[in-house]
Structure formats: structure tokens, C-alpha cells
Amino acid sequence: MTRVAVFGNGSWGTAFAMVLADAGCEVALWGRRTELADTINSTRVNPDYLPGVRLPDAVQATADPAQAARDAEFTVLAIPSQTLRDNLAHWRPLLPADTVLVSLMKGIELGTAKRMSEVIAEVADAPEDRIAVLSGPNLAREIADRQPAASVVACRDEQVARRLQAACHTPYFRPYTNTDVVGCELGGAVKNVIGLAVGIADGMGLGDNAKASLITRGLAETSRLGAALGADPATFAGLAGMGDLVATCSSPLSRNHTFGTNLGRGMTLEETIAVTRQTAEGVKSCQSVLDLATRHGVEMPITETVVNIVHLGKPPLVALKELMSRSAKAEGA
Ligand SMILES: NC(=O)C1=CN([C@@H]2O[C@H](COP(=O)(O)OP(=O)(O)OC[C@H]3O[C@@H](n4cnc5c(N)ncnc54)[C@H](O)[C@@H]3O)[C@@H](O)[C@H]2O)C=CC1
Ligand SMILES: O=C(CO)COP(=O)(O)O
């Protein structure tokens, strides 16, 4: 039986642990709090992140990282992106030498502007063929309810991607393989920022034309960044690009979208943070995505607008006027 360690028992870590168990794996689900691990093991439910969802018996919770990591063929990382570096440095000595490290995280590191797979390679000193990414339109709550979804598992080594695909393929979860790790990671990280922008527009009461324009031009700026970083342009038309963007920008389940909606309705950043109990990666990553774009000389006007609203306190109406009054351009420029 394939043994998998999932580090992070939040919404997505827990839901994905369930997918893995349904696909026949034996899963150790790590979280920081012993009480929550005990509750999960005794009630089969993670009340803090997926209330009402019964976890398969093959998911065993633990707060001991050594126990979680033991004999893991795959080590899945599902914690907030900005905490990865420190956490992984602690876990590294515990990981089996040949484990495949799988990132579920959709963020870019602040300060370094690194993608999660780059942070993993650096901290775990792992080669590219042992690092994979899973990304796509995968709202955790829907997956936990076993509603159908597709996704992408990406690794430079296609054989490894196929192994991971087999480990998480269920009747309701359909993973496709890809070798474009860069494109999949960028798709996931930037869609959170565009989700914030669409949420802000929704909160301001703007219409569907505005929403469609933000989604489409958001994808255009994601693809521009991807081109500068060597991603495959086709990835952005796929599940980890367009697919994830559409899910986040249209679903009330999306934390990034909801966060933006609250800002657009006039809440302050502090008020919005106070009512957000789960991780909305775009809030921090809008800054690191913009940093990455600047380093590569890529213009990302929607991302810049989100940074201006979220972190520089620019009123959404003023930011909208500025965005609309940019110089006229050809669509492909
Ligand atoms: N929830 C979703 O629908 C999806 C989430 N993701 C991505 O998965 C990643 C994790 O997100 P969620 O599970 O949704 O977040 P969450 O907010 O539901 O859970 C976060 C988990 O990380 C833990 N955590 C927080 N700070 C920590 C720290 N400093 N050290 C160790 N653990 C810490 C929390 O205790 C919790 O278990 C994010 O990068 C997110 O973008 C990707 C696809 C779907
Ligand atoms: O990444 C996600 C869906 O694929 C979840 O989006 P949010 O983090 O905005 O909830």
C-alpha cells in the first residue's frame, strides 16, 4: 500500500488526505495541535476545517512530524506558503531519502519571489525529479463532499507525475499529468490575486462584463509572466490556468474571492483579516507576484492594482479609474 504523509491539516490538506485514502493510500495527516489530531482520530472528523465530513479510516492524524514522515513515498505539503521555508527546515531530517515532495500550495515567497517548488528544492536539497505540484480548480469543500473535479499533477519527470496521478485518482477526482511545473505554480499563485480583484469588483457592485474582463486580462498577465519564466503557454489554457481562475473568481467558497468582496464593500484590511479564518494566499502573494514580475520586466497592471488597494490603502474606485485610464493597446501586446 502506498504510504503518504500530508503536512497541514487545514481545509485542503485534510480534503486531499481523503482523496488519497479513497485512492487506496495509507495517509498520515500532520497538524500542529495534538488535541486536533486526537479529535480527528477519535471522531473521524476535522471540526475546525471540514465540519461534517467523515474521513476514511486510512487517514490517521498525528502532531508528530517524525511519525507522519516515516516511510512516506510521497510527502505532501499543504501549509500557508509563507511558512514553508521554516517548517520544511525542521522536517527535512525526518524525510525518507527518496520521498517525492508534493506542493499543494499556491503562493510565491515574500522577499525571495520564489515559487514553492524552488523553496522545496533549496531547503530539502531535492532534485527536480523528486518535486511535484498539484494544482487546479479544487475548492477543498467540494472535494471533501466528493463532488467531481479535475486537476493537474506536474513534475519534470513524467514517470513521477504518473505515480502521483495513480496515487490520487478516484472516481470523483481526475488528475492529469503535466511536466510544466513553472506554469502550474504560476497559474495557482496568480489566480488568487485575480480572485481578489474580481472579488473587489463584485463587492463594488460592478457587473459581469467587468468580471469577465478582469478574468481574461488576468489570464493575459499570468501568461506574460509565464512566458518570461519559461512556462509552456498551453498550461495557462488548462486546468491549472484558466480552470483554477474560473473556479476561484466565480465561487463564494473561494477565500481570496470572499476577501476581495469584503474589501470592495468597504471593509478595511484589518477588518477583512479579522473575519477571514482560513488562508487567502493572494493577500501576501500579490506583493511577491508583483516583485517577481518586476524582476523580469513584466507588466502586471491588475496585480499592481490589487497591491495598491490591499497594501497601500488606495480606494477601490480610484484604483479602478486608474486601471481603466491606462494607455490604449493592442490585445496581444
Ligand atoms: N482550500 C482550498 O480549497 C485550496 C487550498 N490550496 C492551497 O493549499 C494551501 C493550504 O491552504 P488551506 O489548507 O486551504 O489553508 P487553511 O487555512 O485551511 O489551513 C492551513 C493549515 O496550515 C496550518 N498552519 C498555519 N500556519 C502554520 C505554520 N506557521 N506552521 C505550520 N502549520 C501552519 C494551519 O494550522 C492549518 O492546518 C494554500 O497554499 C492554498 O492556496 C490549494 C487548492 C485548494
Ligand atoms: O485554490 C483554490 C481552488 O483551487 C482555493 O481558492 P481559495 O484559496 O481562494 O479558497
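This is a predicted model: local features need pLDDT of at least 70, side-chain atom pairs count only at pLDDT 80 or more; totals for chains, interfaces and linings use all residues.
**The chain as a whole**

The chain holds 15 helices and eight strands. Its radius of gyration is 19 Å, close to the 20 Å that the globule rule gives for 333 residues, so the chain is as compact as a globular protein of that length. Along the principal axes, the C-alpha trace spans about 60 × 40 × 35 Å. Of the 333 residues, 52% count as buried. If you look at contacts between residues at least 6 apart in sequence, 71% of them join residues at least 24 apart.

The domain assignment gives domain 1 (3-179) and domain 2 (182-324). Their C-alpha centres lie 24 Å apart. Across the boundary, 27 residues of domain 1 are in contact with 29 residues of domain 2. On the domain 1 side, helix 5 (116-124), strand 6 (131-135), helix 6 (140-144), strand 7 (149-155) and strand 8 (173-178) each supply at least two residues. Strand 7 gives the largest share of that side, with four residues. By type, the domain 1 side divides into 12 nonpolar, 10 polar and five charged residues.

**The ligand**

Ligand 1 is surrounded by 25 residues, and the closest are G10, S11, M105, A140 and T279. Both domain 1 (3-179) and domain 2 (182-324) give residues to this shell, so the ligand lies between them. Helix 1 (residues 11-22) gives the most to the shell, with three residues. In the shell you will find nine nonpolar, 13 polar and three charged residues.

**The annotated binding-site residues**

An unreviewed UniProt entry places the feature "binding site" at K106, G136, K191, D244, S254, R255 and N256. Four of these positions are worth a visit in your viewer, and the table sets out how each one is surrounded.

| Residue | Burial | Other C-beta atoms within 10 Å |
|---|---|---|
| K106 | buried | 28 |
| K191 | buried | 32 |
| D244 | buried | 28 |
| R255 | buried | 24 |

K191 lies in helix 8 (residues 181-203), while D244 has its place in helix 10 (residues 239-250). Leaving aside neighbours within four places in sequence, K191 is in contact with D244, L245 and T248. Counted in the same way, D244 is in contact with S135, G136, P137, G187, G188, K191 and L239.

K106 is found in the loop between strand 5 (100-103) and helix 5. Not counting residues up to four places away in sequence, K106 touches S135, G188, A189, N192 and E281. R255 lies in helix 11 (residues 255-264). With the near sequence neighbours, up to four places away, again not counted, R255 touches T276, Q278, T279 and A280.

Why is K191 counted as buried? A residue is buried if 20 or more other C-beta atoms lie within 10 Å of its own, and K191 has 32.

Technical notes. Residues are numbered from 1 along each chain as its sequence is written. Chains are lettered from A and ligands numbered from 1 in the order in which they are written. UniProt positions are given in the numbering used here, feature names are shortened, and annotations may be inferred rather than shown by experiment. A residue is buried if 20 or more other C-beta atoms lie within 10 Å of its own, exposed if 12 or fewer, and partly exposed in between; C-beta atoms are placed from the backbone. Two residues are in contact if their C-beta atoms, placed from the backbone, lie within 7 Å. A residue is near a molecule or strand if its C-beta atom, placed from the backbone, lies within 6 Å of it. Ala, Val, Leu, Ile, Met, Phe, Trp, Tyr, Cys and Pro count as nonpolar, Asp, Glu, Lys and Arg as charged, and the others, Gly among them, as polar. Domain bounds come from an automatic or database domain assignment. The radius of gyration is taken over C-alpha atoms; the globule rule is 2.2 Å times the number of residues to the power 0.38.
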